[in-house]
Amino acid sequence: MNHLTDEQINEYLDGVLEPGMHLAAQTHLHACEPCRRRLAQLHIVFAAFESLPTPALKTDLAPLVRARLPHRRGFVWTPAFAAQMGAALGALAWAAQFILRLRLPSPSAWLPSLPLSAFFPSLPSFAPSSVFAPLFVNPALVLPTLLSAFPTPNLLLPAIYPQSSLSLLLSSLLATLHGSLTSLLPAPLTSAASPFDLLGIGILCAFANVALLRKPGGAQA
Amino acid sequence: MLSSDERDLVLRALRGDQDAFGEIVQLHQQALYRLAYRMLGGAAEAEDAVQEVFLRAYRFLDSFDPDRPMGPWLNRITVNTCMNRLQGRKPVSSMDDERIRAAEDGPERQAEAHDLHRRLLRELDRLPPRYRAVIILRHIQGMTYQQIAGELHRPLGDIKSDLFRARRLLSERLRDLK
């Protein structure tokens, strides 16, 4: 006689055998003393475990856990901290310009000179090497460079999506924003050579951080 | 599916509301304590482990889907936390089974039941952590094979294999039980 396997005995005990298998196992157990003994032994042991009293927690752990929770809060940039960050970035830019002058060859030697108009015929010429060259003279010029270097946005979108009225609408909005930004920013930030323009960038980034990263309730995951 | 109250608590906790997380602790602490107690064999260590579970849950709350029930997720953290504590630890007989008592029995029956419980707990302590976890989840928490596999994130075949081996070990060691 083939005895029930370990798996069959266990699954019979747990009541998870398929109906056909369950009936076959039941029939076998009726006729097989050793398998009945094995099943009975398992049953006794596990009935004993299931009878173990349930331990009850006597202490409320909530206050203990709460006392150990780390604070989750949004990182708030105060104006003082933003000014410090801006000054640090300015100092970094001053240091960077010396390193760049020492380390890199003239940008026209290695920046691509392919004009953008090769891909978008309606665009004016755009040669990255000449546009970004001032940055390698004075890295503090990053904001004025960005503002003046690229073709104005009202040219870009219609060039890429010429048939789209949505692109015309968006390009007009962007042109307005671009023009407003250029006219609203103080002169040192839009024109030449001052490390204080990075201080301004730092302050702008700080307030953007506050606006974008702060969540309701003042907390951030 | 998470009840809407519990879902609300989870969302509030995600936004940093520590009171909400405190309520989550109160909702689940008993169940997790029972599991940790059986895994670790002691009240003090179980309380400590459950606190650690909730701290981990708070740290990884961002990875929890608020639309799913929290119990299985917390159970999994509890089992893993307890198994980490048990790794390399020598089996220790529970000193807290002094508190175990049979209900409404006479002194002799109480003593017999107490001895049986001590022996069961001792044998449970002797099992390797993996086997102990599946035995506790099946026979004390009453979970099905599939639920255990889901809770422990392990294949069903592995769970069944561990469970059957653990049962064989326990029934051999407790052969004289009637």
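Let me begin with a definition, since we will need it in a moment: a residue is called buried when its relative accessible area is under 20%, exposed when that value is over 50%, and partly exposed in between. Please keep in mind that what you see above is a predicted model.

Over all chains, the count here comes to 21 salt bridges.

Let us look at one that joins R66(A) to D19(B), with 2.2 Å from N to O. This pair crosses between chains, since R66(A) sits in helix α4 of chain A, while D19(B) belongs to helix α2 of chain B. D19(B) has a relative accessibility of 45%, and therefore it counts as partly exposed; R66(A), at 31%, is partly exposed as well.

Staying now within chain B, we find a salt bridge between D67(B) and R7(B), whose closest N and O atoms are 2.5 Å apart. Here distant parts of the chain are linked, because D67(B) lies in the loop between α3 and α4 and R7(B) in helix α1, 60 residues apart.

Finally, consider E123(B) and R126(B), which meet in a salt bridge at 3.2 Å, N to O. Both are in helix α5 of chain B, and because they are three residues apart there, about one helical turn separates them. Is E123(B) buried or exposed? At 7% relative accessibility E123(B) is buried, whereas R126(B), at 44%, is partly exposed. Elsewhere in chain B, salt bridges with shared partners join E45(B), D48(B), E52(B), R56(B) and R85(B) into one network.

Key
Residues numbered from 1 in each chain as written. Chains lettered and ligands numbered in written order. Predicted model: local features only at pLDDT ≥ 70, side-chain atom pairs only at ≥ 80, totals over all residues. Heavy atoms only, no water. Salt bridge = Lys/Arg side-chain N within 4 Å of Asp/Glu carboxyl O. Helix = DSSP H or I, 4+ residues; strand = E, 2+ residues; numbered from the N terminus. Buried < 20%, exposed > 50% of the residue type's maximum accessible area, 1.4 Å probe, protein only.
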